[in-house]
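Subject: Handover of a model, with notes

Dear colleague,

I am passing on the structure we spoke about, together with some notes on what was found in it. Please read the notes with the coordinates open beside them.

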Amino acid sequence: LAAGYTVDAVAVDGDGRRSARHTAFTTYVPDERLLAYVTPENRAVVGTGMIVSLAFSREITDRAAVQRAVRVTARPPVEIRPHWFGGSRLDFRPEHYWKPGTQVTVVLRLRDVRAARGVYGIQHKSFSFTVGRSQTSLVDAAAHTMQVRRDGALLATVPVTAGAPDHPTYNGRMVVMEMLDVTRMNGRTVGFGGEYDIADVPHAMRLTDSGTFLHGNYWSVPDPFGRANVSHGCVGLEDVRGGGSDTPAGWFFDRSLVGDVVEVVHSDDETVAASNGLGGWNMDWAHWTAGSALKRPAGTAG
């Protein structure tokens, strides 16, 4: 598609007369091209909860064709299955968290694949990432604590503050999506109006698309950590302005990876939706595999 060609032809008849022709043509140019934006980044080292997520630039009507053009494999091999969230997002994960040291490869063969009427893929590429050590954290909103486990062993129990009664934190398993040394948090961007606008939130780790973070907190007075839930839905750890390396928030940030799992329990809220961030671990395996566009999904181990 969208390729230009030239043809030069020479013919000789029975009397030895030569005839030459030159022509050029272009194959069909699609109205729109499809791009896939892939998480995680190429060559990244990630936590054991990382979910491969493809966000497409156009709404897809032929999901089966697009799914056939994507392959996700692992070494050592493990079954990896896809799940569609609407018509513009396709995620892949195994049944259980990745084993540390797993090498995962994503191959996109989307070039010239018809995704919808007048929409064709443009990418032909592959990338890979490595699963690092295992670290999972369990936030107990009622007890105001977070247990951090490394390779199954308890590393530390950290005092936290979770969502206040009017703004409880989601329950369920969330995955660290990005890590920011400092970021601005403005309540207007997440439906809280002018309730807060903090220009320099330290050690911020995004857990959902809707705005749930685990982050440092230097502004809450009196100290709520381990005693009360006062946030607008985030999980807060004690910190200082500018972010300290020897604070609970700094300690946790320095030991975390994108792809680590943070699970929240005993909060007065619903379980986070599987489509909100990399929340697919909150969906059981039967429902996850039912989200494939193919009877025998692409993207199994190999």
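Is D91 buried or exposed? D91 counts as buried, because its relative accessibility is 0%. Before going further, please keep in mind that this is a predicted model, and that the values below were computed from it.

Salt bridges

The structure holds eight salt bridges, and D91 takes part in one of them, its partner being R89, with the closest N and O atoms 2.7 Å apart. R89 also counts as buried, since its relative accessibility is 14%, which falls under the 20% cut-off for that class.

Another of the salt bridges is formed by E178 and R206, where the closest N and O atoms are 3.0 Å apart. E178 counts as partly exposed, because its relative accessibility is 31%.

Strand β19 also supplies D200, which forms a salt bridge with R241, the closest N and O atoms being 2.9 Å apart. R241 lies in the loop between β21 (235-238) and α2, so the bridge ties together parts that are 41 residues apart in sequence. The two partners fall into separate classes of accessibility: R241 counts as exposed at 62%, whereas D200, with a relative accessible area of 19%, is buried.

D260 and its surroundings

Which side chain does the side chain of D260 join through a polar contact of 2.8 Å? The partner is R133. D260 itself is found in the loop between α2 (248-254) and β22 (261-265), and it is buried, with a relative accessible area of 2%. The side chain of D260 also reaches the backbone nitrogen of L257, again at 2.8 Å.

Aromatic pairs

There are five aromatic pairs in the structure. In one of them, the rings of F85 and W288 have their centres 6.0 Å apart and their planes at 65°, so the pair is classed as edge-to-face. The pair links distant parts of the chain, given that F85 sits in the loop between β8 (80-84) and β9 (89-94) and W288 in helix α3 (residues 285-289), 203 residues apart. F85 counts as buried because its relative accessibility is 15%, and W288 is likewise buried, with a relative accessible area of 0%.

The rings of Y218 and W219 form another edge-to-face pair, with centres 5.0 Å apart and planes at 85°. Here Y218 counts as partly exposed, at 23% relative accessibility, and W219 is also partly exposed, at 30%.

V104 lies in strand β10 (residues 103-109) and is buried, with a relative accessible area of 0%. Not counting residues up to four places away in sequence, V104 touches V72, T73, A74, W98, F127, S128, F129 and V131. The C-alpha atoms of V104 and A11, which are 93 residues apart along the chain, are separated by 54 Å.

V113 is found in the loop between β10 and β11 (114-116), and it counts as buried because its relative accessibility is 17%. Once its neighbours within four places in sequence are left aside, V113 is in contact with A65, V66, A69, V119, Y120 and G121. Its C-alpha atom and that of Q123, 10 residues apart along the chain, are separated by 9.4 Å.

Finally, which residues make the nonpolar surface patch of about 270 Å²? The patch is made by L35, Y37 and I122, and of these Y37 is found in strand β4 (residues 36-39).

Definitions and conventions: Residues numbered from 1 in each chain as written. Predicted model: local features only at pLDDT ≥ 70, side-chain atom pairs only at ≥ 80, totals over all residues. Heavy atoms only, no water. Helix = DSSP H or I, 4+ residues; strand = E, 2+ residues; numbered from the N terminus. Buried < 20%, exposed > 50% of the residue type's maximum accessible area, 1.4 Å probe, protein only. Polar contact = N/O pair within 3.5 Å; in protein donor to acceptor, adjacent residues only side chain to side chain. Patch = residues over 30% accessible without salt bridge, like charges linked within 9 Å, V, L, I, M, F, W, Y side chains within 5 Å. Areas by Shrake-Rupley, 256 points an atom, 1.4 Å probe, with all protein chains shown as cover. Salt bridge = Lys/Arg side-chain N within 4 Å of Asp/Glu carboxyl O. Contact = heavy atoms within 4.5 Å. Phe/Tyr/Trp six-rings, centres within 6.5 Å; stacked < 30°, edge-to-face > 60°.
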